[in-house]
Amino acid sequence: MPLEVVRTASAAPQSSPAREPGTAPTPLGAFARALKCRECGKEVAKAPVHVCEFCFGPLEVAYDYDGIGKVLTRAVIEARPQSMWRYAELLPLDGAATVGAQVGMTPLVRAHNLEKKLGLRELWIKNDAVSYPTLSFKDRVVSVAVSKAREFGMNVIACASTGNLANAVAAHAAQAHLTAYILIPHDLEQTKIMGTQIYGANVIGINGTYDDVNRLCSEVAGKYGWGFVNVNLRPFYAEGSKAYGYEIAEQLGWRLPDHVVAPMAGGSLITKIAKAFGELEKLGLVAGAGTRYHGAQAAGCAPIADAVRAGREVIKPVKVPSTIAKSLAIGNPADGYYAIKTITGSGGFAGAPDDAEIIAAMKLLAETEGIFTETAGGVTLGATLKLLDEGRISRDESIVVSITGNGLKTTEPLVGKLGTLPVIGARLADFDAFHTQKRSS
Ligand SMILES: Cc1ncc(COP(=O)(O)O)c(C=O)c1O
Ligand SMILES: [Zn+2]
């Protein structure tokens, strides 16, 4: 049985070499062979490109799994530092990570209080609300993308973002001494904007939706040749999310759960958790469990969840997203089609709570488990509640809920929703009066 709050397994054994804190292990070889088109299967050399020149399909990193299988064992992984880089052979760098060495290995928390409240047998929270350094799972994808950009010799890093990616790119660019250009919808949460500007990045608000920002970024990437983490570096960047999946499996004691519920914006994370579990199975590091992947989006912007729920394979883009979950507000998701395939192919489903249900779920998670998540986490837990009610998730199976961002970043929608602050005088008599009144009310 794994520990209840699984930060990690034991410390490195005596035989492992002394390592300077904050450095990532060097992989036992470069196993990312090439980029491969997800549609036509053609392969091209690793480069900052994301679209197949033959059929315009998206490119994905292809690995030499036979080679990985010869060197990567549970013991090798467990002896390494507590970061996402303990799975370095399964990530797309040619050498050690040069930025973000301490990212990952966030807590997997057994949610006993929520289990009791909801009548569940086994519920876990994978908590990237405390991801280092910028409090969302985007630290994972960005540490890979920026390290890869350095391997390619790029010195300007850029992105289109709904907020969390902006924070992570700005912080990692600062660490790597790279110039950062960050384009965001102008009306994001203040904390997300300031939490990007603080690192000295060039932050530009665009008058438009995320999809407008993304289109502009594709044009800028083509013209300026910068490393856009989620455009021309996307095949490498997206692989970083796999570590979230590897960590869940290892922290469960090298076991896969019956259900994973994941938030979806572009739709990449959910596909990469599934890819990670599949790779671990292929390498013989875990036994297959027929995990069902369930997607969560906000009702006000749910192009992927709506398609799943309607039994469609085709996304109908949402032109004007309207939700407090701004980090998930992508109307035309780049990986939407693949997210649908991951969900339906596994026997999973999707849920789309509205804004009131998102806030209620944020409060529920905070009050039961002491975890303050951002609106995206409210979407994920809110969707989980709906899927339980609909019988799509069975109460006696193991469930992992993916909490991917921190509540301190999205406080605006909570204003006026948590009661007014009682203010009293500083004398004991004032407190006594307050307490007496409270008890009688
Ligand atoms: C907190 C949070 N969770 C989940 C996601 C969804 O990620 P993806 O675009 O990979 O679906 C995002 C994307 O911005 C996010 O900010
Ligand atoms: Zn192709």
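Domain bounds here come from an automatic or database domain assignment. By that assignment, the protein splits into domain 1 (5-90), domain 2 (108-134 + 241-414) and domain 3 (138-237). The C-alpha centres of domain 1 and domain 2 lie 24 Å apart.

This is a predicted model: local features need pLDDT of at least 70, side-chain atom pairs count only at pLDDT 80 or more, and totals for chains, interfaces and linings use all residues. Residues are numbered from 1 along each chain as its sequence is written, while chains are lettered from A and ligands numbered from 1 in the order in which they are written.

Start with the whole protein. It has 15 helices and 14 strands. These are DSSP runs numbered from the N terminus: helices are H or I with at least four residues, strands are E with at least two. The radius of gyration, taken over C-alpha atoms, is 22 Å. The globule rule, 2.2 Å times the number of residues to the power 0.38, gives 22 Å for 441 residues, so the protein is as compact as a globular protein of that length. Along its principal axes, the C-alpha trace spans about 70 × 50 × 50 Å.

Now look at where domain 1 meets domain 2. Two residues are in contact if their C-beta atoms, placed from the backbone, lie within 7 Å. Domain 1 gives 11 residues to this contact and domain 2 gives 12. On the side of domain 1, strand 1 (5-6), helix 1 (65-71) and helix 2 (74-78) each supply at least two residues. Helix 1 has the largest share, 3 residues.

Two strands pair if DSSP finds at least two bridges between them. Strand 8 (residues 179-185) is joined to strand 9 by 5 bridges. Leu-183 has Ile-204 in strand 9 as its bridge partner.

Finally, find ligand 1. Which domains give residues to the shell around it? Domain 2 and domain 3 both do, so ligand 1 lies between them. A residue is near a molecule or strand if its C-beta atom, placed from the backbone, lies within 6 Å of it. Of the 17 residues around ligand 1, Gly-266, Ser-268, Ser-327, Thr-404 and Gly-405 come nearest. Helix 5 (164-175) and helix 10 (268-282) each supply at least two residues of the shell.
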